Amino acid sequence: MGRTLAEKVWDDHVVRRAEGEPDLLFIDLHLLHEVTSPQAFDGLRKSGRTVRRLDLTIATEDHNTPTLDIDKPIADPVSRVQLETLRKNAAEFGVRLHPLGDVEQGVVHVVGPQLGLTQPGMTVVCGDSHTSTHGAFGALAFGIGTSQVEHVLATQTLPMSRPKTMAITVDGELPEGVTAKDLILAIIARIGTGGGQGYVLEYRGEAIEKLSMEARMTICNMSIEAGARAGMIAPDETTFAYLKGRPHAPEGEEWDAAVAYWKTLRTDDDAEFDAEVVIDAAELSPFVTWGTNPGQGAPLSASVPDPASYEDASERYAAEKALEYMGLEAGQPLRSIKVDTVFVGSCTNGRIEDLRAAAELLKGRKVADGVRMLVVPGSARVGLQAVSEGLDVVFKEAGAEWRHAGCSMCLGMNPDQLAPGERSASTSNRNFEGRQGKGGRTHLVSPQVAAATAVLGHLASPADLSDADVRTPAGV
Amino acid sequence: MEAFTTHTGRAVPLRRSNVDTDQIIPAHWLKKVTRDGFEDGLFEAWRKDPSFVLNQPERQGATVLVAGPDFGTGSSREHAVWALQNYGFKAVISSRFADIFRGNSLKNGLLTVVLEQKIVDALWELTEKDPQAEITVDLESREVRAEGITAAFELDENSRWRLLNGLDDISITLQNEPDIAAYEAKRPSFKPRTLPV
């Protein structure tokens with residue numbers, strides 16, 4: 001019988017297989033950041049171990065980094081210690097590090113792909129659950145805990161039990177104005193936050209094949225919000241074109257050998273998945289969340305659901321709690337929800353295409369009075385690219401704040417946070433209670449919905465904007 | 001890691017589903033660079049509410065958390081496991097755990113036990129009615145016992161052996177170092193390296 005993409009990549013990385021034991025997998029790329037690595041380096045030090053493969057390891061700073069005044073000392077002493085700890089560990093153990101202020105600094109899941117370090121058929125790990133992002137290249141990529149970070153540093157391997165596989169087939173074409181973010185939010189609402197638990201998801205079908213690499217990263221990024229450790233998309237010409245010429249992409253004969261291998265990384269026609277979900281792309285529309293987990297979402301055209309409509313008692317209770325926390329009423333149209341803050345950025349939607357999409361809608365328009373909009377590029381390079389295209393000017397003329405790269409308000413470990421009771425439309429990945437700041441309320445949206453919401457002051461899609469909103473001549 | 005054989009203790013019934021790791025330990029606690037001192041951050045937002053179950057005097061000293069489905073979703077932060085352990089929990093029972101959280105817990109000797117929801121319901125009822133009721137989590141016989149309840153649970157033999165003996169994963173893996181070296185020797189040369197180019 002044939003094998004799925006995930007099974008092929010898995011099999012190619014088995015270092016050791018023994019009856020009754022998890023497989024020992026080789027790890028091709030280990031990404032590090034300041035939050036989940038200090039205790040791992042400490043463990044190495046205590047046991048007198050070193051980093052086995054410095055040439056497969058790279059670190060950057062993202063979770064704690066400020067997005068303003070990056071040339072000044074970091075104000076929060078605890079954040080500063082954590083960043084200094086990473087710098088000390090990188091120097092002591094010899095790990096390549098891109099610190100704050102470096103041109104290659106940024107959110108770890110934006111940095112890896114843009115350097116060309118993430119390639120098809122690789123195993124990629126990082127002490128961060130959104131490592132699933134790299135699956136967009138046909139890599140098997142998953143988040144790990146700090147004990148596993150230490151394990152990979154010491155051995156470049158991980159003992160892992162083979163996951164099951166689930167196909168998410170998206171047939172047809174996404175309607176105009178419907179993005180990868182809307183699609184993944186709809187998938188999570190459909191299968192639930194635990195639906196992918198124990199599985200590697202493979203996104204396939206016509207709608208997926210038509211997506212750009214950046215849109216594919218948005219999809220795979222949020223696999224973890226459906227409970228799946230990894231999500232994958234088979235590599236194709238779109239993938240190869242994205243990689244060609246990147247700093248760490250193979251060249252010459254090596255490129256040819258790599259592409260020949262990459263082309264084998266497709267699920268065989270006679271392979272069987274353990275589960276399959278089919279989605280009709282044509283039925284989708286802009287999608288937003290109303291609750292406090294990423295599965296609590298609905299089309300923007302819908303209303304806040306009535307908890308009483310849930311048959312399952314624990315879901316009903318979760319919906320009641322969510323409405324209470326979010327300060328929403330059952331039956332209230334989602335479009336009527338007013339926001340205080342709009343955040344564009346994160347490993348989900350902080351790449352150049354995301355910034356272009358938001359800027360296109362903001363061009364000549366203004367952020368609504370009383371709304372604060374933060375635009376945070378996913379990496380320093382994305383920021384530079386945006387500046388070279390004049391996007392920063394568009395954002396600033398619209399009244400948005402243009403910031404430096406980092407995780408920023410996605411999780412509020414730096415000063416970019418919501419105040420208690422404040423409500424955001426956010427292009428990030430988690431709407432958990434307090435995620436963006438204590439008492440903060442988060443609605444997950446696409447960059448396009450974020451931009452339209454910023455202009456109108458309430459949850460809105462680009463279709464809600466009219467030419468009348470264009471108040472000033474275009475900035476560029 | 002500390003070995004886990006069997007544990008008996010009072011319980012905290014947590015009737016919530018989808019308890020994500022941001023609830024277990026909020027992000028601002030993640031700035032610490034040690035593995036201890038996270039106990040005050042455990043369920044920090046909910047603990048501000050005096051009626052929250054963890055704040056009840058009769059729950060002080062409880063060591064078994066009985067949680068709703070999909071416990072530990074979201075972020076991979078191992079700090080969530082450390083916070084539960086720092087607070088004093090030895091075992092967590094739920095009908096479904098998020099994968100990364102489960103892996104992290106088993107690597108730290110916090111036993112996560114999967115039981116059917118109807119057994120979880122029975123444990124909730126028992127421990128809500130009688131806060132002094134004790135639950136035994138027996139890894140040797142793979143069984144959870146409480147008054148009127150006996151339920152077998154599954155855990156793969158390899159994880160069980162590591163927990164029972166408190167074995168360090170890295171030492172076990174390094175016993176197979178020649179296999180790693182052999183694999184490395186045959187990796188294709190087109191695979192990328194992180195060294196500056």
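Where along chain B is B:Asn18 found? Select B:Asn18, and you will see that this residue is found in the loop between strand 1 (6-14) and helix 1 of chain B, where helices (H or I, at least four residues) and strands (E, at least two) are DSSP runs numbered from the N terminus.

Before going further, keep in mind that this is a predicted model, in which local features need pLDDT of at least 70 and side-chain atom pairs count only at pLDDT 80 or more, while totals for chains, interfaces and linings use all residues. Residues are numbered from 1 along each chain as its sequence is written, and chains are lettered from A and ligands numbered from 1 in the order in which they are written.

B:Asn18 is buried, with 29 other C-beta atoms within 10 Å; a residue is called buried if 20 or more other C-beta atoms lie within 10 Å of its own, exposed if 12 or fewer, and partly exposed in between, with C-beta atoms placed from the backbone.

Next select B:Phe43, which sits in the loop between helix 1 and helix 2 (44-47) of chain B. B:Phe43 also has a positive phi, of about 50°, although it is not a glycine, and it counts as buried because it has 24 C-beta neighbours inside 10 Å.

**Chain B as a whole**

The model scores ipTM 0.94 and pTM 0.95.

Highlight residues 1-117 of chain B, which an unreviewed UniProt entry annotates as "domain: Aconitase A/isopropylmalate dehydratase small subunit swivel"; such annotations may be inferred rather than shown by experiment. The end C-alpha atoms of this span lie 29 Å apart, and the span is 24% helix and 18% strand.

**Where the chains touch**

Show both chains together: 51 residues of chain B are in contact with 66 residues of chain A, contact meaning that the C-beta atoms of two residues, placed from the backbone, lie within 7 Å. On the side of chain B that touches chain A, helix 4 (99-108) is one of the helices that each supply at least two residues, and helix 4 gives the most, with 6 residues.

**A sheet in chain A**

Move to chain A, where 5 strands form an open sheet in the order 5-4-3-6-7 with parallel pairing; two strands pair if DSSP finds at least two bridges between them. Strand 5 (96-98) and strand 7 (140-143) of chain A stand at the edges, each with a single partner strand, so one side of each is left without a neighbour in the sheet.

Select strand 6 (residues 123-126) of chain A, which pairs with strand 7 of chain A in the parallel sense over 4 bridges. Within strand 7 of chain A, the bridge partner of A:Val124 is A:Ala141.

**Further along chain A**

Go on to A:Gly421, in the loop between strand 17 (401-402) and strand 18 (423-426) of chain A. A:Gly421 counts as exposed because it has 11 C-beta neighbours inside 10 Å.

Finally, find strand 18 and strand 19 of chain A, which run parallel and are joined by 4 bridges; A:Arg423 has A:Arg441 as its bridge partner in strand 19 of chain A. From strand 19 (residues 441-444) of chain A, A:Arg441 and A:His443 point one way and A:Thr442 and A:Leu444 the other way, and all are buried.
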